[in-house]
Amino acid sequence: MQFAQFDVATFLNAHWQKRPLLIRNPWAAWANPLEPDELAGLACEEGVESRLITHAGGQLALERGPFAEERFGALGKAPWTLLVQAVDHYVPDVAALIEPFRFVPDWRIDDVMVSYANDGGGVGPHFDQYDVFLIQGLGCRRWRVGPVCDAQTPLVPHEDLRLIADFEATGDWILEPGDILYVPPGFAHDGVAVGDDCMTYSVGFRAPSRAELAEAWTAHQVDAMAEDDRYADPDLTPQAHPGEITAEALDRLHGMVLASLADRDAFARWFGHYNSLSKYAETDWRPEEQMEADEVAAMLGEGHGLHRNPAHRFAFIAAGEGVLLFVDGVCRECLGDTAALARDLCAGGEWRGSAQGEALALLTALVNQGSLGFEEED
């Protein structure tokens with residue numbers, strides 16, 4: 001799916017991470033990509049992250065999936081909302097919703113969460129730490145947007161939900177199918193279904209915190225450090241007071257720590273690995289039968305195209321005359337034709353062509369890893 005009208009440059013300059021924006025149906029031809037029953041079916045499956053939020057006595061309650069099919073039939077008329085995470089991993093038509101937003105680098109894209117609500121259903125006023133495009137797929141939803149929140153914003157005491165205690169809206173809109181609301185990080189927002197059969201697609205983006213990066217990068221470096229790499233002071237001289245930790249000692253200690261984290265090339269390799277890890281590592285996407293390189297070459301020769309698995313993250317980093325390709329946490333050094341192939345694969349879409357040598361070996365490895373696959377015949 002593509003936009004018929006949307007000024008990316010103006011959006012990035014005036015709104016991205018700055019202020020919300022209501023975008024009235026910009027699609028060339030909007031069509032809801034998923035039926036409510038299909039979403040409910042996903043919520044019943046093991047390994048699919050899903051939540052159900054119900055309203056009772058003025059209170060919100062959270063249940064976590066997978067759900068039994070009869071649970072939905074027992075919900076009744078009281079407001080409720082079903083939320084299913086990473087639906088793009090399972091439904092190609094939902095994954096296609098990401099394509100128009102790839103003016104944001106792929107490494108920042110998280111997944112597409114889909115919600116279904118009956119009349120009055122919603123998750124309550126809240127704020128997120130990431131950018132999100134809220135696409136109205138079916139029915140109508142009223143969105144109210146408030147001011148920027150932070151860690152000091154008062155929250156309603158709740159065991160499972162982080163709801164804003166005193167929500168005051170500064171913007172109020174009703175979205176119809178095809179409409180989009182962009183909400184930057186930190187902005188309070190509250191969406192309530194207007195009528196039944198309300199479906200919303202949330203295209204979310206990742207923004208690693210400084211704490212996450214520092215903790216993970218430091219842990220990675222610590223794992224590689226030698227036990228005998230220790231503080232040393234062969235130039236030690238008597239000091240005025242034995243109880244003082246001198247400035248010279250602190251400089252040396254501080255330098256030891258900073259030097260161990262300052263290797264930018266090592267950081268680049270680590271971040272490519274870290275950022276490309278699958279969100280749901282326990283899910284095995286590998287094919288039932290491993291393919292040999294000649295089988296892959298034969299399929300390509302017959303005109304079959306390779307498609308990326310939406311659950312696997314592809315990214316590359318330029319490295320000298322080649323690239324470092326990262327797919328699902330695995331780094332591969334690519335040169336020449338293989339580097340060109342790696343760039344093509346990271347661009348997305350179907351890949352068709354011929355390959356041999358290292359390029360064919362790369363495609364075969366990615367097929368057997370579950371990251372690439374040939375489209376199944378109907």
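Q17 is partly exposed, with a relative accessible area of 42%, where buried means under 20%, exposed over 50% and partly exposed in between (1.4 Å probe, protein chains only). The place of Q17 is the loop between helix 1 and strand 1 (21-23); helices (H or I, at least four residues) and strands (E, at least two) are DSSP runs, numbered from the N terminus. The model is predicted, so that local features need pLDDT of at least 70 and side-chain atom pairs count only at pLDDT 80 or more, whereas totals for chains, interfaces and linings use all residues. Residues are numbered from 1 along each chain as its sequence is written, and side-chain values use heavy atoms, with hydrogens and water left out.

Backbone geometry was examined next. Most residues other than glycine have a negative phi, and most peptide bonds are trans. Q17, although not a glycine, has a positive phi of about 60 degrees. A positive phi, near 55 degrees, is also found at D197, a residue of strand 11 (residues 187-205) that is partly exposed at a relative accessible area of 38%. The peptide bond from G65 to P66 is cis, with omega near 5 degrees, and P66 is placed in the loop between strand 3 (59-64) and helix 3 (69-73).

The structure holds 15 salt bridges, each defined as a side-chain nitrogen of Lys or Arg within 4 Å of a carboxyl oxygen of Asp or Glu. One of them joins the side chains of R24 and D179 at 2.6 Å, N to O. R24 lies in the loop between strand 1 and helix 2 (36-43) and D179 in the loop between strand 9 (171-175) and strand 10 (180-183), so the pair ties together parts that are 155 residues apart in sequence. Within this pair, R24 is partly exposed at 44%, while D179 is buried at 5%.

A salt bridge also forms between R142 and D172, whose closest N and O atoms are 2.4 Å apart. This pair links distant parts of the chain, with R142 in strand 6 (residues 132-148) and D172 in strand 9, 30 residues apart. R142 has a relative accessible area of 36% and is partly exposed; D172, at 38%, is likewise partly exposed.

Helix 1 (residues 8-14) contains V8, which counts as partly exposed at 28% relative accessibility. V8 and P100 are 92 residues apart in sequence and 10.0 Å apart in space, C-alpha to C-alpha.
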